[in-house]
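Dear colleague,

I am handing over the structure below, and after it you will find what turned up when I went through the model. Please read the notes with the structure open beside them.

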Amino acid sequence: QVQLKESGGGSVQPGGSLRLSCTASGVNLINNCMGWFRQAPGKEREGVAVISTGPDRPYITNYADSVKGRFTISQDFTKNTMTLQMNSLKPEDTAIYFCARIDRWCVGSGWLGRPADFPYWGQGIQVTVSP
């Protein structure tokens with residue numbers, strides 16, 4: 001049974017940093033597409049960043065334009081964990097953040113996917129950026 005669990009959310013002032021983690025159980029992170037999505041109140045869930053890694057292909061990382069240069073997605077295979085390092089946070093980054101997984105590689109450069117593309121989800125974690 002595939003389970004994903006987010007951790008590391010919380011409240012921070014504008015300009016601050018947070019590091020989100022997504023720990024997977026029942027599956028490893030190699031050769032699949034892992035992603036972070038977020039959903040602010042009254043808005044649709046949107047893709048933030050995705051990553052695919054494996055031993056036989058160049059890895060893929062894609063970011064939403066709104067977070068490029070501020071957020072970094074990565075994986076730690078020893079811990080079976082995906083992380084999202086969020087720097088220079090802005091109030092508009094406030095949302096519930098979800099990790100998600102597809103049992104194949106991310107499509108390619110620039111692709112973030114839609115929520116419907118991802119069959120596996122964590123329960124979400126709150127990130128609040130306010131003065």
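Arginine 70 counts as buried, with a relative accessibility of 11%, where buried means under 20% relative accessible area, exposed over 50% and partly exposed in between (1.4 Å probe, protein chains only). Before going further, please note that this is a predicted model, in which local features need pLDDT of at least 70 and side-chain atom pairs count only at pLDDT 80 or more, while totals for chains, interfaces and linings use all residues. Residues are numbered from 1 along each chain as its sequence is written, and side-chain values use heavy atoms, with hydrogens and water left out.

Arginine 70 is found in the loop between β6 and β7; helices (H or I, at least four residues) and strands (E, at least two) are DSSP runs, numbered from the N terminus. Not counting residues up to four places away in sequence, arginine 70 touches Gln85, Met86, Asn87, Ser88, Leu89, Lys90 and Asp93, a contact being heavy atoms within 4.5 Å.

Aspartate 93, in turn, lies in the loop between β8 (81-86) and β9 (95-102), and it is buried, with a relative accessible area of 0%. Its contacts, leaving aside neighbours within four places in sequence, are Arg38, Arg70, Phe71, Ser88, Val127 and Val129. With the side chain of arginine 38, the side chain of aspartate 93 makes a polar contact at 2.9 Å; such a contact is a pair of N or O atoms within 3.5 Å, where within protein one must be able to donate a hydrogen and the other to accept it, and residues adjacent in sequence count only if both atoms are side-chain atoms.

**Serine 52 and its strand**

Serine 52 has its place in strand β5 and counts as buried, at 0% relative accessibility. Its side chain reaches the backbone oxygen of asparagine 32 at 3.0 Å and the backbone nitrogen of cysteine 106 at 2.8 Å. Strand β5 (residues 46-52) pairs with β6 in the antiparallel sense over 4 bridges, two strands being paired if DSSP finds at least two bridges between them, and the bridge partner of alanine 49 in β6 is tyrosine 63. In a regular strand the side chains alternate between the two faces of the sheet. Strand β6 (residues 60-63) has a covered face, Ile60 and Asn62, and an uncovered one, Thr61 and Tyr63.

**An open sheet**

An open sheet is formed by 4 strands in the order β1-β3-β8-β7, with antiparallel pairing. At its edges stand β1 (3-7) and β7 (71-76), each with a single partner strand, so one side of each is left without a neighbour in the sheet. Between β1 and strand β3 (residues 18-25) the antiparallel pairing runs over 5 bridges, and the bridge partner of leucine 4 in β3 is alanine 24.

**Aromatic residues**

One aromatic cluster is formed by Phe37, Phe98, Trp111, Phe118 and Trp121; rings of Phe, Tyr and Trp (its six-membered ring) pair if their centres lie within 6.5 Å, and planes under 30 degrees apart count as stacked, over 60 as edge-to-face and the rest as tilted. Arginine 45 lies over the face of phenylalanine 98, at 3.7 Å from the ring centre, and its charged end also sits over the ring of tryptophan 121, 4.8 Å from its centre. For a charge to sit over a ring, NZ of Lys or CZ of Arg must be within 6 Å of the ring centre and within 35 degrees of the ring normal.

With kind regards
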